[in-house]
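Student: Could you walk me through this model, starting with the ground rules and then going wherever my questions lead?

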Amino acid sequence: MKISIVVIALALIAAQPCWAALGGSPSSSGSAVSSVAASTASGASYTDLQSQLPNGTVVHEYANSGGTVFAVAWSGPMQPDVKALLGPWFDTYTKRATQRQSADLSHLAVAGADLVVVSTGRVGAFQGRAWVISLLPEGFNTKEMK
Amino acid sequence: MAFAASVMVGCGGGGGGSSAPTAAPAVAAPAAPAPTAANIARIVVDGGTDGLAFNKPFVSVTVCQPGTSVCATIDHVLVDTGSSGLRLAASTVPATVVLPNAGPRGILLGECYPFVSGYSWGSVRSADVTIAGEQARAIPIQLVNDTSSAFAVPPSLCSNIGASLGVGHSSNGILGVGFSKQDCGSACTTSPGPAMYYVCSASGCIPSMAPLSMQVMNPVAAFAKDNNGVAIVLPQGQPMTGSLIFGIGTQANNQPGDVSILTVDNQGRIKTTYNGMPFASFIDTGSNKLYFKDSSLPQCADGNYCPTSPLNLSGALASPNGNTQTVNFVVDSPLSLAFGATSGNVAADFGGAVAEQFDWGLPFFFGRTVWVGMNGMSSPQLGPGPFWAF
């Protein structure tokens, strides 16, 4: 009985759908190495979930009190799984990334109606932040993201 | 052969189309005397393969089937100090030039090289590479958007990082002449974790380790001589041609003279202090603007700074070795800067507002000779790399 439960659990992990980080549950669920409770200047509480990817890059996912991720940040030698982090906004992101006005080899900026992404760097030192404006808790300062 | 592969459980699908670069139409090159020395390649800063590039430095590169004289010369390959290794759009290499896969016998090696705005996906091939009069024999290069069956679809681990960039807009390839001898280094020899190298077959690609000898190699590091670094020489003015000089202090024509040496940290960065604020910083021919953050400057809707009149600004570069160098620069409105083929596709005073870090892009290089010291190499004049010197 116990064994079959373990097997089922493994199968569920393997078949795990892409949880949208932004607008959904944290993609790092279960693999976060730290979880820090914090609150904004206006008193809105949120959680900073930090995890490290197999490629060495550290990811922060910021979730509101309801568990919905409203912002993500990454820093490290390689790019994160941006698709998992941006979820439904990934297509918007890739469309911007192919426009010469908004992106080159070292930079990408997305300043859409709701999605904001600022990303910089090279192999060895990537750094980026993304958030959904309509989901930000009151008083959250995006400049203070890791 | 230590060539372990591992299967990683991912989510989501593959996908990500390949955007084949267009064949290069003739773009009028500015008239200027071509450098004639064996260790100097001529740089052109023009419109690139589609006439739309600006502030992009290009050279021509010749690739040959290893050990033969079956070769092709590829024009408009972007000179990139921010990466290492040669990446060519597969569509620019004629089928007659057969470049064998660089993997061990029977194993097809693929690569996903990440940039901020997306990825370059393709196979790793062995080629003799000639630039100006220097040759690198049988080095691994990346053939981007290789259409052969094992590489036709990028693995989802690769396509999940963003858009398919091919080799970027307006170019036939990217020539990485940065600090590193290999494009990944030891991180890829001990673990498949970086997910940069892959073993591919008809049934797909899985992340793999890759020994240094099979990683895409900075051609400069493989030259028989003049292999301890490069200099980028770009004059002020339009239209623009310049020089990519191989070697530091190895010839009469590559003596650095009196320059300031800025060594870099283990992430290839220096520090720039701007408006009293310290920023992680790098110098990069692959960025076509000066990217920095200054919320007091007016921005256009496209994310570029657009002051009503030219602004004189400065930043203080600082190296882990304690050296500092103040650099003055000008930011003007893009509306005032001349773009288009008629101007030589150069904009000296172009600032972009997108920045987590302070990026000294191509405008930094105008009117300077900038030396790039290779990691693991040295010169009597400038000492061991990695460093910037100017």
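Tutor: What follows is a conversation about the chains, their interface and some selected residues.

Student: What should I know before I start, and is this predicted or experimental?

Tutor: This is a predicted model, in which local features need pLDDT of at least 70 and side-chain atom pairs count only at pLDDT 80 or more, while totals for chains, interfaces and linings use all residues. Residues are numbered from 1 along each chain as its sequence is written, chains are lettered from A and ligands numbered from 1 in the order in which they are written, and side-chain values use heavy atoms, with hydrogens and water left out.

Student: OK, how many helices and strands does chain A have?

Tutor: Chain A has three helices and eight strands, where helices (H or I, at least four residues) and strands (E, at least two) are DSSP runs numbered from the N terminus. Read from the N terminus, the order of the elements is α-β-β-β-β-α-α-β-β-β-β.

Student: And how much of chain A is buried?

Tutor: Of the 146 residues in chain A, 44% are buried, with buried meaning under 20% relative accessible area, exposed over 50%, and partly exposed in between (1.4 Å probe, protein chains only).

Student: Switching to the interface, how many residues does each chain put in?

Tutor: Chain A contributes 38 residues to the contact and chain B contributes 47 residues. The area buried between chain A and chain B is about 3500 Å², with 58% given by carbon and sulfur atoms; buried area here is the accessible area (1.4 Å probe) that two parts lose on being put together, summed over both. In chain A, the residues that lose the most area to chain B are A:Arg100, A:Leu105 and A:Arg122, together 22% of what that side buries.

Student: What about polar pairs across it?

Tutor: There are 18 residue pairs in polar contact across the interface of chain A and chain B, both residues being at pLDDT 80 or more. A polar contact is a pair of N or O atoms within 3.5 Å; within protein, one must be able to donate a hydrogen and the other to accept it, and residues adjacent in sequence count only if both atoms are side-chain atoms.

Student: Which element of chain A gives the most to that side?

Tutor: S7(A) gives the most to the side of chain A that touches chain B, with five residues. By class, that side has 18 nonpolar, 14 polar and six charged residues, where Ala, Val, Leu, Ile, Met, Phe, Trp, Tyr, Cys and Pro count as nonpolar, Asp, Glu, Lys and Arg as charged, and the others, Gly among them, as polar.

Student: How many salt bridges cross over?

Tutor: Two salt bridges are found across the interface of chain A and chain B, a salt bridge being a side-chain nitrogen of Lys or Arg within 4 Å of a carboxyl oxygen of Asp or Glu. A:Arg122 and B:Asp80 form a salt bridge through their side chains (2.7 Å, N to O), and a network of salt bridges links A:Arg122, B:Asp80 and B:Asp284.

Student: Which partners does B:Arg87 have inside chain B?

Tutor: B:Arg87 forms a salt bridge with B:Glu111 (3.1 Å, N to O), and B:Arg87 also pairs in a salt bridge with B:Asp183, with the closest N and O atoms 3.1 Å apart. B:Arg87 lies in strand S4 of chain B and B:Asp183 in the loop between strand S9 (173-177) and helix H2 (187-190), so this pair ties together parts that are 96 residues apart in sequence.

Student: Buried or exposed, for B:Arg87 and B:Asp183?

Tutor: B:Arg87 is buried, with a relative accessible area of 0%, and B:Asp183 is buried as well, at 5%.

Student: Last one, what does B:Gln215 touch?

Tutor: Among the residues that B:Gln215 touches are B:Asp183, B:Cys184 and B:Ala210, and the backbone oxygen of B:Ala210 lies 3.1 Å from a polar atom of the side chain of B:Gln215. B:Gln215 is buried, with a relative accessible area of 0%.

Notes. Contact means heavy atoms within 4.5 Å. Lists of a residue's contacts leave out its neighbours within four places in sequence.
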